[in-house]
Amino acid sequence: MTANAISLEYLRRGHRAVLRAVHGVDEYDARRPLTPTGTNLLGLVKHLAIVELEYVASCAGFPSDLGTPWETTTGEEDNSDLWLTADESAQDVIDLYVAVGEHTERAAAALAPDAPVTVPWWSEPSTTFERLLVHLVSETAQHAGHLEILREGIDGQGDTWDEARTERDEAWWSALLERIGAAAEVHRDAGRTVIAPEGTF
């Protein structure tokens, strides 16, 4: 496999995880804020679509017919790339995300891994298409994880995509939660905080 093909396969996995996380969710639950900072399911999908399209169409110079949605979502005062207004269609956001993935596939087929890319807001703006794909894999995976946790909080649909694990029924999860809770309870009044080693973040 070429460098582009390897990165692209992992990006496809991320795309599928994102779409799984919103599949079958009630539209209200998919739109409403689920954290104190307003994070929501469809907003993350919208954000990922806009970011990936901007990177590939603008920074990598591989044009698309999907427009330039990032130009209307740059108002940091309201984080407009991270939520849907009442008149924005949920289906349009999903369709855009799928279309952006297809656009990236075409770019990966046309551009060499060492094709020059410029990302003005990076500390080292001059990079390559291969590194850009790796960045997209990382960003997609990070937000897919957010989506899966948020989805689990809505209806418990988190680690249930592996249908081969038939033993993980409601009783299995209930027993696991009791074990985790009991192990944590030992440290409730310990008064200690978790500190990461210095210089690792």
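## Reading the helices of a predicted model

Mentor: Among contacts (heavy atoms within 4.5 Å) between residues at least 6 apart in sequence, 69% join residues at least 24 apart in this protein. The model is predicted, so to speak of local features requires pLDDT of at least 70 and side-chain atom pairs count only at pLDDT 80 or more, whereas totals for chains, interfaces and linings use all residues. Residues are numbered from 1 along each chain as its sequence is written, and side-chain values use heavy atoms, with hydrogens and water left out.

Trainee: How many helices and strands does the protein have?

Mentor: Both are DSSP runs numbered from the N terminus: helices are H or I with at least four residues, strands E with at least two. The protein has six helices and two strands, in the order α-α-α-α-β-β-α-α along the sequence.

Trainee: Which residue caps the N-terminal end of H3?

Mentor: One looks for a polar contact, a pair of N or O atoms within 3.5 Å; within protein, one must be able to donate a hydrogen and the other to accept it, and residues adjacent in sequence count only if both atoms are side-chain atoms. Asn40 is the cap, with a side-chain oxygen 2.7 Å from the backbone nitrogen of Gly43. Following H3 is Gly61, with a positive phi near 70°.

Trainee: At what angle do H3 and H5 pack?

Mentor: Axes are lines fitted to C-alpha atoms, for helices over the stretch in contact, and angles run from 0 to 180 degrees between N-to-C directions. Helix H3 (residues 41-59) and helix H5 (residues 129-155) pack at about 175°, with axes 10 Å apart. H3 is therefore roughly antiparallel to H5, a term for angles over 145 degrees. The contact includes Leu44, His47 and Leu48 of H3 and His143 of H5.

Trainee: Is His143 buried or exposed?

Mentor: Buried means under 20% relative accessible area and exposed over 50%, with partly exposed in between (1.4 Å probe, protein chains only). His143, in helix H5, is buried at 11%. Leaving aside residues up to four places away in sequence, His143 touches Leu44, His47 and Leu48. In H3, 18 of the 19 residues are buried, while buried residues make up 36% of the 201 residues in the protein.

Definitions and conventions. Angles under 35 degrees count as roughly parallel, over 145 as roughly antiparallel, 65 to 115 as roughly perpendicular and the rest as oblique.
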